[in-house]
Amino acid sequence: VNVDMKEIAEGTSPFLTHSNIPTTLIALELLDNLPHDKIAKCFETDEILQAELIPLDHDCTTSGASSDAIIDTSKQYHEEFFPASDPLLQNILSIDPSLSTRLASNGPRWIPSVALGVLMRLFECRPNSAVAFADFDWLPPPDLSTPEDQRLMLAAEPALGDPIVTDMKGIDHPCYLTSPPDALCDILFPTDFARMASFTKSILRRDNERRAIPVSVAAMKQNDFLLQYGLGEVNKTKSWA
């Protein structure tokens with residue numbers, strides 16, 4: 001089954017039927033590959049801005065690129081920040097404004113908008129749901145070997161939660177804007193589970209009147225999770241060493 005997670009998050013694709021049946025969603029190493037949005041705050045107005053990709057030969061003085069535009073990989077792009085207009089992103093930030101809090105560095109940050117949108121759809125369709133996500137909460141910086149690679153890292157403004165870009169040959173690239181057009185790459189984002197848990201609590205508080213059971217949200221390291229929920233299985237594997 002092919003599923004477009006972005007369409008599910010945006011509500012343009014069928015997901016689950018509405019039901020109170022107990023539902024469990026388990027996603028292992030899914031979050032790191034889902035689309036993210038890069039946001040910042042305007043220094044003068046404090047308005048939330050979102051990064052959009054603009055072809056280098058495009059006049060971007062009047063308006064931003066369309067969020068539905070198809071990216072032509074034969075062209076070169078750069079980032080420009082425009083007032084946030086994406087409906088999914090706006091909805092997410094209205095539910096949890098802390099996601100757009102200005103950073104001490106005044107720099108931009110990445111928002112896992114599709115992952116959060118899928119969570120919203122899940123609890124909308126199945127209020128009586130349990131969710132378990134497991135993924136990277138940290139990723140190393142890219143392994144860059146030349147001064148030119150270091151310079152190309154600045155093609156996109158550094159942001160909190162920047163992804164690592166690695167092609168199928170295991171070669172890291174400086175930036176998602178500078179990988180070769182013909183290179184198939186993994187773009188891997190670290191997940192801020194504490195913020196994801198906070199957002200989930202915001203959803204559940206908002207929808208609590210529709211839920212018949214108490215809610216519990218926690219973010220923990222894998223070791224702590226195994227010791228809390230699978231100690232018996234962990235003890236069985238000690239004999240394998």
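This is a predicted model: local features need pLDDT of at least 70, side-chain atom pairs count only at pLDDT 80 or more; totals for chains, interfaces and linings use all residues.

Residues are numbered from 1 along each chain as its sequence is written, and side-chain values use heavy atoms, leaving out hydrogens and water.

**The second largest pocket**
- Its volume is about 1,200 Å³; that's the space filled by probe spheres set on grid points joined across faces, edges and corners.
- A pocket here is an open set of points, on a 1 Å grid over the protein atoms alone, where a 1.4 Å probe fits, with protein on both sides within 12 Å along at least five of seven lines; lining residues have an atom within 4 Å of a point.
- Of the 34 lining residues, Val131, Ala132, Phe133, Ala218 and Phe225 sit closest to the centre of the second largest pocket.
- Strand β6 gives the largest share of that lining, 6 residues (helices are DSSP runs of H or I, at least four residues, and strands runs of E, at least two, numbered from the N terminus).

**Phe193**
- You'll find Phe193 in helix α5, residues 193-206.

**A three-stranded sheet**
- The open sheet runs β8-β7-β9, with antiparallel pairing (pairing takes at least two DSSP bridges between two strands).
- β8 and β9 are at the edges with a single partner strand each, so one side of each has no neighbour in the sheet.
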